[in-house]
Amino acid sequence: MERYLWHEQEEHRNLYASELNILKNGFGGDFELVKLFDVQETNGRISAIGFLKYDMDRSQAIRINFPPKYPYSPPVIITLNIQLDQGQNIIAMQLQNFGKGNQYNDGSMCLFRKELWNKDQHGLGWVLRRAQEWLKYATSPEGFPKDKIVEEIPAHLPHVGQVLLPKNFVLNQHVKVTNIVLTQFKPNYYILEQNFIPEYPFKFKMNAEIFKCYAFGDNVTLKELFPNISPQAIITFFNKYLNENIVEGEPVRNIGLYLPGDPNPWHFFKIHIQIDGNQVFNVRLDYYLTRNVENELYLRTKDVFDDLVLKGKRVTIIGLGALGSEVAKSLGRNAVGHFNLFDFDIFELGNSVRHAADLFYIGEHKVEVVKQLILRTNPNITVNAYKSDVLNDDSGTLENSLFNSDICIVVTAEDSVDYFINDKFIKTYPIPFVFARVSVGGLSGSIQVVENNESACLRCLSREQLDKLPVPKGDINFVELSPEYGSCSSPALPGSEVDTKEVAIQVTRVALQLLLRNTISKYPKLPGTLMYWHGPKGSKGKAPFTWEIKNIKPKPDCTFCNGNTTI
Amino acid sequence: MKPELQKEKDKKLLLKVLIENDRIVEDEFLSNQKLQVIVNRALEKLSITAEGRELKREDGTPLLDLSQTIGEVALYNNETLRFFKKAPNTPDRDKGFA
């Protein structure tokens, strides 16, 4: 198959020639080409090295890389230190980072916000002019003025991996040195979980490693400790700040730094030391960037669903199949802080095509599976997983859960469970109950919000046949499935993940609206309490892909929800 | 006129004008010719109208005063000017994420 390379396209012949002309012709005297790479050397990319003049009489070695899909994406300019021989051939070359921000760790300049690039208006010349301006700021003592900072400032040190801190972790002032155990969950990725979070969010522990952590004062910055990661800088750090001789001790040191004055106060490193006799032969530093889950996780959603409110909410979910698993995972992703989960079923092979989990979880209880999914979303969430049949529970666990919950979601699609909850609990527990199911084939669905004295219960709805699922249009013949191997339950019903998920998403949205309804949330209020999904085929009189929303009040004479008569 | 000034005046520059769809025109101009001459040449040879277009240098600097001469704005030999139809800075689509 042929690769699309812009410079090989007939439609860019003149553009290619004009851009190449800038390189070869010198950009009006502002650019001196040193090397135009043969495309064989650059995997087909157009790439050149040269000196760009700026600020009257200064010049900087740069590498210009055109993306293969130019001009839809701009050229990248990388600053270099190069050494030339007498024949102007490059004999040494390394990235140059100016340490003033607006530059990525690969040395490329952040020249403009990417949405500013317009392929018809801009070209290499435009980029080079911006690069000249960039160099003026980057080489000035003041660096970039605030209004010229166009991208986030990259981390001071390039990192090889990350450390997840579930929440803020502050060392007592008197602690100067301490050991912290980090659990590795994949190569170069760690989480602080020991003595910190009650349950391990990831399935496997690759390793548990001790990092010796040093606390510094409020005014110490990472930049001061490690101006760069050269061997000399690392040796200086050991001598000057830790008062330790780097040649003494293990060849690989795990260390952590606690810098309370730093916006990101924790930094972790692996330092690889090669000794030759009593001399340091080589030192290498692997830096692990710390990410604070509690502070960072909900930044993209908090304006929509207030995480500070939702993290105090508790949700009980009965049934953790295709609907329940997606609802649970999604509520976790939207900051709900506590879950009580009920299901006695085992996750089997056939479940994996429309469940939130995948084949990895085969053979485990669905409540444990979903618990893992939630904790992997946010390890700070508390999840109580009950492997129990709510109709066969004599421990009072369900009642206790409902007593402590803000909402209950019933997604078993079993009439016996739905009506038991409806008949016995909606009057006892003053919380909203959400019942949902999808039809055979997943081609329609319904959601009922039942709240005592507020909305019709399942019994009220059944009196008007409103508890029925919409009947999809057209004839559909589904192949009857046989019971899953090793299971004595009824065979599963056919239906795709994509259609089932539509209903799951709506259940999640309804739950969030209910949880936030007495807050200052600007998210639209729940428009109704009875919802029908008419699915991809539509149903009688209803267009495909539409939701029908109704508000049905309780029947005044309903003995189940209105409290006129005891059951 | 001093001989060196006359020489400068007679100096010919090869200039190119690139427009959308990778169409281009190139011609020689004298440095005392006005930018309007370049535009007229492009309009004629490329059979286009000036409406909605803006002449720009290869570094993106707009050349708004077409009564200036090539020498006054210091165009250089072999420079490729751009005469694209004005396009919005960003595609005319709503901001979104995916």
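Leaving aside its neighbours within four places in sequence, which residues is Val327(A) in contact with?

Modeller: A caution to begin with: this is a predicted model. Now to the residue. Leaving aside neighbours within four places in sequence, Val327(A) is in contact with Ile317(A), Ile409(A), Val411(A), Ala504(A), Val507(A), Thr508(A) and Ala511(A). Val327(A) itself sits in helix H7 of chain A, which covers residues 322–333.

Is Val327(A) buried or exposed? Count the C-beta atoms around it. There are 29 others within 10 Å of Val327(A). A residue counts as buried at 20 or more, so Val327(A) is buried.

Not every part of the chain is close by. Take Tyr189(A). Val327(A) and Tyr189(A) are 138 residues apart in sequence, and their C-alpha atoms are 28 Å apart in space.

Now look at one of the contacts of Val327(A), namely Ile409(A). Again leaving aside neighbours within four places, Ile409(A) is in contact with Val315(A), Ile317(A), Val327(A), Val434(A), Val507(A) and Ala511(A). Several of these names come back in the core. The largest nonpolar core has 69 residues. The members that touch the most others are Ile317(A), Val327(A), Leu341(A), Ile409(A), Val434(A), Val507(A) and Ala511(A). Helix H12 of chain A, residues 497–515, gives the most to this core, with eight residues. There is also a second, separate core of 26 residues. Phe226(A), Phe269(A), Val283(A) and Tyr287(A) are among its members.

Step back to the whole of chain A.

Next comes the meeting of the two chains. Chain A puts 21 residues into the contact, and chain B puts in 15. On the side of chain A that touches chain B, helix H1 (13–25) and helix H2 (124–138) each supply at least two residues. H1(A) gives the most to that side, with seven residues. By type, that side of chain A has five nonpolar, 11 polar and five charged residues.

Leu15(A), Ser18(A), Glu19(A) and Ile22(A) are its buried residues. They cover an arc of only 95° around the axis, so they lie on the same side of H1(A). What covers them? The cover includes H2 of chain A, together with S1 and S3 of chain B. Just after H1(A) comes Gly26(A), with a positive phi of about 95°.

Finally, a helix in the other chain. Helix H2 of chain B runs over residues 35–46. At 1.5 Å a residue, its 12 residues should span 16 Å, and its end C-alpha atoms are 17 Å apart, which agrees. Leu35(B), Ile38(B) and Ala42(B) are buried in H2(B). Seen down the axis, the buried residues of H2(B) fall within an arc of 55°, so they line one face of the helix. They pack against strand S1 (12–19), strand S2 (23–30) and strand S3 (80–82) of chain B. Ser47(B) follows H2(B), and its phi is positive, near 50°.

Technical notes. Residues are numbered from 1 along each chain as its sequence is written. Chains are lettered from A and ligands numbered from 1 in the order in which they are written. This is a predicted model: local features need pLDDT of at least 70, side-chain atom pairs count only at pLDDT 80 or more; totals for chains, interfaces and linings use all residues. A nonpolar core is a set of buried Ala, Val, Leu, Ile, Met, Phe, Trp, Tyr and Cys residues joined through C-beta atoms within 7 Å. A residue is buried if 20 or more other C-beta atoms lie within 10 Å of its own, exposed if 12 or fewer, and partly exposed in between; C-beta atoms are placed from the backbone. Helices (H or I, at least four residues) and strands (E, at least two) are DSSP runs, numbered from the N terminus. Two residues are in contact if their C-beta atoms, placed from the backbone, lie within 7 Å. Ala, Val, Leu, Ile, Met, Phe, Trp, Tyr, Cys and Pro count as nonpolar, Asp, Glu, Lys and Arg as charged, and the others, Gly among them, as polar. The expected span of a helix is 1.5 Å times one less than its number of residues. The arc is that of the directions from the helix axis to the C-beta atoms.
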